[in-house]
Structure formats: C-alpha cells, structure tokens
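Subject: Structure for you to look through

Hello,

Here is the structure I promised to pass on. Please open it and keep it beside you while you read.

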Amino acid sequence: MTATRVAAIDCGTNSIRLLIADLDPETGAIADRDRRMIINRLGQGVDRTGRLAPEALERTFAACREYAAVIAEHGVGPDRIRIAATSASRDAENAEEFTEGVREILGVEPRVISGDEEAHLSFVGATKELTGGAFEAPYLVFDLGGGSTEFVLGHEDVEAARSVDVGCVRIAERHFAGTELPTLNQISAAQADIRAALDRAAEVVPLDRAATLVGLAGTVTTVAGIALGLPEYDSAAIHHSRLSVEAVREVTGRLLSSTHEQRAANPVIHPGRVDVIAAGALVLLEIMERTGAAEVVVSEHDILDGIAWSIA
C-alpha cells in the first residue's frame, strides 16, 4: 500500500506546530517529512480576560501563513490537512475570530477539540510505537501544555481520561507574573493550584496505577534536555529518554532559582519558553510526585502525531 501524505497542525496555548508525514496504516509507521514549531502564545492573557488578544491572533495568523507555504511545497491537498485547536481556543469568548482567520489562510476549518478528544489524540500519538516493545502497559500519558494538561490511562486504547486547566503558561501568569525569581509563598500557591487540578484529574483517572508514565510536550522535553546536559535541543536524544524524579526535582529547583537571563542563556530552552519553563517544570514535578513514579518516559511523539493518524 502506498503511504498517505498528511499535514497536521496543533494550535495550543503556547505554540503552534506542524507535522507533514507519510503514514503507512498497515505497518503503523509514520515518516516525518517536516516537523516544526513556532511559539505564538495564543493564550496570552486568556486566563485573565477570557479573550484572545489581537497581537496573539496576529502571531498565530503569521505562523499559519508560513505553514500554508510549507504544506503547498509538499503537495498536501486540503482533504489531507487537519487543524486541531486546544485549551486557549476553548476558553476564549472571541474564538470565532481565530477560526475565521485560520480558515481564510489555510482553507481548512480548524477544529476546536474538547479536552477528552485532546487526551485521546495525545494517547494515540504517544503510544502507537510503544505497544509490544520495551515499555510495559498500562500507560499513563500526560500532555503538559500551556493552558491545560491531559491525563490518559490505557493499554492499547484509552480507558480513562481527563483534561484539567493547569499548564506552564496558566501557572506562570497566575502565580509568577511580574517577578523574575518567585518567592516561597508564590511557589507554595502554585503548588496548591497544581495539586487541586491533580485532585480533579484523579476523580476520573487513577494516577497511581500505571506501569509506565509517559510525558509529552515542550515542558517535558525541555526539562529532559536540561537534565541530560545537552549542548542544544536534540529531539533524537530526548525521544524515549527516561527522566528520574530526582533529576526533575533538581532541574525544577535550578529553574525556579534562575534569572530570566540565566534561563535564556541555556541553548536547550526555546526563547519562547524562557518565561514559562520554571512553572512548567513545577507542574511536571508535582505530577511525578503525585503518581509515585520513579521515572517518566519522555516522548517527542504526541498529539501532533495523533492528529496525523486521525486523517489516515
């Protein structure tokens, strides 16, 4: 069977990502042709105002124009393009402005997906290559985004899932805004916020029953890159690395006590994550401590890959 070429776009709270890939449904193989990310911070201020900011929309539309050119270069038709929008678009009163702008640029209606749909797509993207391998099921997959985190437990398919409104941008804006080095009181308030969200997740998803904890998205991969001591961001080295809770605790402490300048000087940290990575690392640490996991398997394959498979 000839592989199917698709284009998947994941528009989240902090970043918008593109994957152009060839899919082989018979073997389950996915071959990347282009995978890229732009930090657009669509969720700027949404937690406070309930609206998408004009400058955030323009950054997003500029990224869409760039992606439209790349998709055309790879010859992907509109019937093989899928755009999923997540937390910020769900929360915003003026989400229709986002929808209309994206449709005009890319010719495809973006689908504002629910937290449950986001969880399912993340699980598929992260675990499709894990089954039958060295990683034991059941898997607890968590996708730590900018505005929300999805928790999904399952073997070959989803058995329980919940999305909660806690992420690197939301925690940074709620608790660390206007301060370079958060105080102990600010950190304690952030931890209480995160733990309350984990309580809500645990109402539906057993957080302590997984054989393998799998972490997705930029916060997790960036913390892994820092823990590994990489000289620059290296997807191949990060993908399926194993990150101990002790390593996460050490990196989190280092980030919380680092200045903006010190974080910006680390080549592993994308410039668009410098102001939110400490908050994200704190969320990651709280998740690991709540689940009791000794380590997390870090995956570069996530909701973006799940969106791609949903097209095939």
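Below are my notes on pockets, helices and a few backbone details.

Two points before you start. This is a predicted model, where local features need pLDDT of at least 70, side-chain atom pairs count only at pLDDT 80 or more, and totals for chains, interfaces and linings use all residues. Residues are numbered from 1 along each chain as its sequence is written, and side-chain values use heavy atoms, with hydrogens and water left out.

**Pockets**

Rolling a probe the size of a water molecule over the atoms shows where empty space is left. The search runs on a 1 Å grid over the protein atoms alone; a pocket is an open set of points where a 1.4 Å probe fits, with protein on both sides within 12 Å along at least five of seven lines. Lining residues have an atom within 4 Å of a point. Grid points are joined across faces, edges and corners, and a volume is the space filled by probe spheres set on the points.

The largest pocket holds about 690 Å³ of space. Its lining has 38 residues, and S15, R17, M37, G218 and R273 lie nearest the centre. Strand 2 (15-24), strand 3 (29-39), strand 6 (139-144), helix 8 (218-227) and helix 13 (303-311) each give at least two lining residues. Helices (H or I, at least four residues) and strands (E, at least two) are DSSP runs, numbered from the N terminus. Helix 8 supplies the largest share, four residues. By class, this lining has eleven nonpolar, 17 polar and ten charged residues. Here Ala, Val, Leu, Ile, Met, Phe, Trp, Tyr, Cys and Pro count as nonpolar, Asp, Glu, Lys and Arg as charged, and the others, Gly among them, as polar.

The second largest pocket holds about 270 Å³. It is lined by 19 residues, with A172, F176, T179, D275 and V276 nearest its centre. Helix 6 (168-175), helix 10 (245-256), helix 11 (260-264) and helix 12 (277-291) each give two or more of the lining residues. Helix 6 has the largest share, three residues. The lining divides into ten nonpolar, four polar and five charged residues.

**Helix 8**

Is helix 8 mostly covered or mostly open? Mostly covered: nine of its ten residues are buried, from G218 through to I226. Buried means under 20% relative accessible area, exposed over 50%, and partly exposed in between (1.4 Å probe, protein chains only). G229 follows helix 8, and its phi is positive, near 70 degrees.

Helix 8 also packs on helix 10, at an angle of about 95 degrees and with the axes 10 Å apart. Axes are lines fitted to C-alpha atoms, for helices over the stretch in contact, and angles run from 0 to 180 degrees between N-to-C directions. The two helices are therefore roughly perpendicular (65 to 115 degrees). V223, I226 and A227 of helix 8 meet A247, V251, R254 and L255 of helix 10. Contact means heavy atoms within 4.5 Å. The residues of this contact divide into six nonpolar, no polar and one charged.

**Helix 5 and helix 13**

The axes of helix 5 (115-127) and helix 13 come within 6 Å and cross at roughly 95 degrees. That makes this pair roughly perpendicular too. On the helix 5 side are E118, L121, S122, V124 and G125; on the helix 13 side are I303, D305, G306, I307, W309 and S310. By class, the contact has five nonpolar, four polar and two charged residues.

**Loops**

Which residues are joined by a cis peptide bond? A137 and P138 are, with omega about 5 degrees. P138 is in the loop between helix 5 and strand 6.

E129 is found in the loop between helix 5 and strand 6. At 38% relative accessibility, E129 is partly exposed. Leaving aside neighbours within four places in sequence, E129 touches H239, H240 and H301. E129 and H301 are 172 residues apart along the chain, yet their C-alpha atoms are separated by 9.1 Å.

H240 has a positive phi near 65 degrees and is not a glycine. H240 is in the loop between helix 9 (235-238) and strand 10 (242-244), and is partly exposed at 23%.

A217 has a positive phi of about 90 degrees, again without being a glycine. A217 is in the loop between strand 9 (212-216) and helix 8. At 15% relative accessibility, A217 is buried.

Best wishes

Methods
Parallel < 35°, antiparallel > 145°, perpendicular 65-115°, else oblique.
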